[in-house]
Amino acid sequence: MITHAEQDLRTALDSSYNAWREAIVKKDAAAWTRATAEHRRIEVKNRILSEKLPFPAAVFNLPTPPPSIAGLKFLEAQQSGLTAKSAYFGKIDFGIGGAPTENLIVLSFVRGGRGWLYDRADFVNLAALPEVRKELAAGDIKYLKETPEARPSGVVPPTPIEVGPAKIIAKVYVFCPGREVQVQVNKVSRHRFANAKEAEIVIGGAVDGLNEVQFSTKKLEGATGKEAMTIRVYLMSEVAGVQPIKIFEYQVAEGGVAKPFGTSNFVVDAAVMAKLAGK
């Protein structure tokens with residue numbers, strides 16, 4: 001049974017999500033700014049400028065529009081401090097063709113000066129969780145109650161430092177089976193990888209002269225601590241056909257021991273810039 005307080009919270013959160021979604025669909029930058037939580041807005045802006053894309057135009061360059069929650073089954077709305085989450089179940093349509101199947105979407109919000117502001121959406125594909133799909137279809141929200149990621153934490157994420165347009169696009173690549181690896185570039189761009197093989201954009205990009213790379217490594221439960229590992233930073237050329245430059249690498253062979261912490265540097269000089277320019 002939904003209480004009056006939960007219904008009021010649901011109404012406020014729905015309004016926030018719908019305002020954000022409408023801003024995306026209509027490509028309304030001012031409305032997007034008003035509807036988006038500050039930390040998320042700055043995070044998106046930083047990533048776009050770090051890829052040397054136009055802001056705010058690139059905000060709306062999404063492969064598909066955000067899904068509508070109209071017609072989905074409302075499961076719950078929960079608040080903890082200045083954070084809240086709402087959960088919906090049903091045929092979530094991302095507009096990519098084919099018949100959508102019944103899955104779960106959890107929406108996150110942060111309370112700001114103008115009320116609840118949209119943060120992010122977490123989509124859960126239930127294809128591998130048929131029993132959970134049955135439970136949610138019947139209105140049983142045990143899965144939500146037992147899943148920490150589906151509960152509001154009460155902790156508002158910190159607002160990142162704003163960066164300007166990057167001079168050089170850079171990416172951090174990490175291969176770390178059995179480990180958690182954290183990387184920080186120039187004390188601005190922070191990255192966390194766990195049991196992953198992924199690349200992420202460096203916020204702020206690489207700068208002229210000296211650049212700093214800091215990293216930490218930690219064995220995950222069940223791992224041996226002797227798995228192979230690679231941390232790299234690549235500089236990306238904007239010239240067609242010019243390959244990325246591997247400017248930094250820390251590698252551990254299978255059976256080796258990774259440093260728990262490390263700090264290193266790479267330099268962007270005239271020779272590096274010439275290579276990026278294809279000269």
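Two residues are in contact here when they have heavy atoms within 4.5 Å of each other. This is a predicted model, where local features need pLDDT of at least 70, side-chain atom pairs count only at pLDDT 80 or more, and totals for chains, interfaces and linings use all residues. Residues are numbered from 1 along each chain as its sequence is written, and side-chain values use heavy atoms, with hydrogens and water left out.

**Arg40**
- You'll find Arg40 in helix α3, residues 38-50; helices (H or I, at least four residues) and strands (E, at least two) are DSSP runs, numbered from the N terminus.
- Arg40 counts as buried because its relative accessibility is 17%, and buried means under 20% relative accessible area with a 1.4 Å probe, protein chains only.
- Setting aside neighbours within four places in sequence, Arg40 touches Asp119 and Arg120.

**Strands β6 and β7**
- β6 (residues 179-185) and β7 run antiparallel, joined by six bridges; strands pair if DSSP finds at least two bridges between them.
- Glu180 has Ala194 of β7 as its bridge partner.
- The hairpin of β6 and β7 has three residues between the strands, and Asn186 takes a positive phi near 55° there.
- In β7 (residues 189-194), Ser189, His191 and Phe193 make up the covered face, while Arg190, Arg192 and Ala194 make up the uncovered one.
- In a regular strand, side chains alternate between the two faces of the sheet.

Key: Buried < 20%, exposed > 50% of the residue type's maximum accessible area, 1.4 Å probe, protein only.
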